[in-house]
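Trainee: Could you walk me through this model before I set anything up?
Mentor: Gladly; have a look at it and then ask away.

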Amino acid sequence: MISFFTVAHALHAPEYEFYRGQRVPCFEKPERATYVLEQLRARGHSLREPDVDSMPVLRQIHTARYLNFLQTAWAQWIALDPANASQQPFPSVWPVRSLRSDVQPDNFIAQLGLYSMDNGTPMAAGTWQAAKAAADAAASAARVIEQGERAAFCATRPPGHHAGQDFMGGYCFLNNAAVAAQALLNQGKKRVAILDVDFHHGNGTQSIFYERADVLFVSLHGDPRTEFPFYLGHADEMGAGAGQGFNLNLPLPAGCSADQWFEALEIACTRVAQHDPQAVVISLGLDTYAGDPISKFALQTPDFTRLGRRIAKLGLPTVFILEGGYAARELGLNAVNVLEGFEFQAKVGA
Ligand SMILES: [Zn+2]
């Protein structure tokens, strides 16, 4: 399996985020990708630089004004005050119900609120470059699938599944899984599925494809009544319009056992198979790990091998996109376990 990696990820290195009113070091940090890279190298996986420009696909996924905002955000922040170079911008006002989001304010902080779902997505000087490089990796992974590879992995950050058409959130700026899925459709594939196994619901991905029948979105995740992103991810969200029936959420109680999680995975995989897709994109969050500092599921390291084997049994061309996972040292081990479980099962046959 080809793994895509680029050092550009390290350009996105904000120092801190807020937790219960306190400044705390960012959980989504460059070391995450480094630990995955170390495991990939140690276990003999081949690495490749992204080599496809994702911009045409990004324009299909995100709005023009949001892409423009992301590209200019840091320059706007510095223009407010050169001293901002050593500070991080955070939104402080949002266009909630009854306020207008169709008019983009000139004020930078107001724009930041317009394009953010939370204050948990800190930006840094190189955020656009890093996010764009991760999206390029997703487009590159779709390209090698078109060229006949069975699977590819994007060892990239920042993650993407919380980012919607015109907003960032949950450490995510550009929706890499959506880019991969759309790029696969652009090749002429009629149906694609996205299976999101991150601890958190992939609200951005769901919303992007909610009214479409060509991309099935299936997610198992912590119940949004108690877990981020709180405002989406319930079982009664089944798609709308042409997309009615093409969205499946399997919320699970925080603290549920690995057995319960794998039962939900079986339901998810059955639904993916029913869609009869020509490729599947896996939003590979590894924050389901028992040792994750911000999540509440109970998977152990060998469970990730089992996960990879189950995904391979779908028998589909597969793009894996790294999403969350914050037990940084174990992140690499667990990620590569998924890939090797997949490769083992693909070799012995479904
Ligand atoms: Zn997550």
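**The sheet and beyond**

Mentor: In this predicted model, eight strands make up an open sheet, ordered 4-1-5-10-9-6-7-8, with parallel pairing; strands are DSSP runs of E with at least two residues, helices runs of H or I with at least four, both numbered from the N terminus, and two strands pair if DSSP finds at least two bridges between them.
Trainee: Which strands stand at the edges?
Mentor: Strand 4 (46–48) and strand 8 (247–252) do, each having a single partner strand, so one side of each lacks a neighbour in the sheet.
Trainee: And what about strands 9 and 10, how many bridges there?
Mentor: Strand 9 (residues 279–284) pairs with strand 10 (residues 318–322) over five bridges, in the parallel sense, and S283 has I321 of strand 10 as its bridge partner.
Trainee: What cut-offs and numbering apply?
Mentor: Local features need pLDDT of at least 70 and side-chain atom pairs count only at pLDDT 80 or more, while totals for chains, interfaces and linings use all residues. Numbering runs from 1 along each chain as its sequence is written.
Trainee: Switching topic, how much of the protein is buried?
Mentor: Of its 350 residues, 50% count as buried, that is, with 20 or more other C-beta atoms, placed from the backbone, within 10 Å of their own.

Notes:
Buried ≥ 20, exposed ≤ 12 C-beta atoms within 10 Å, placed from the backbone.
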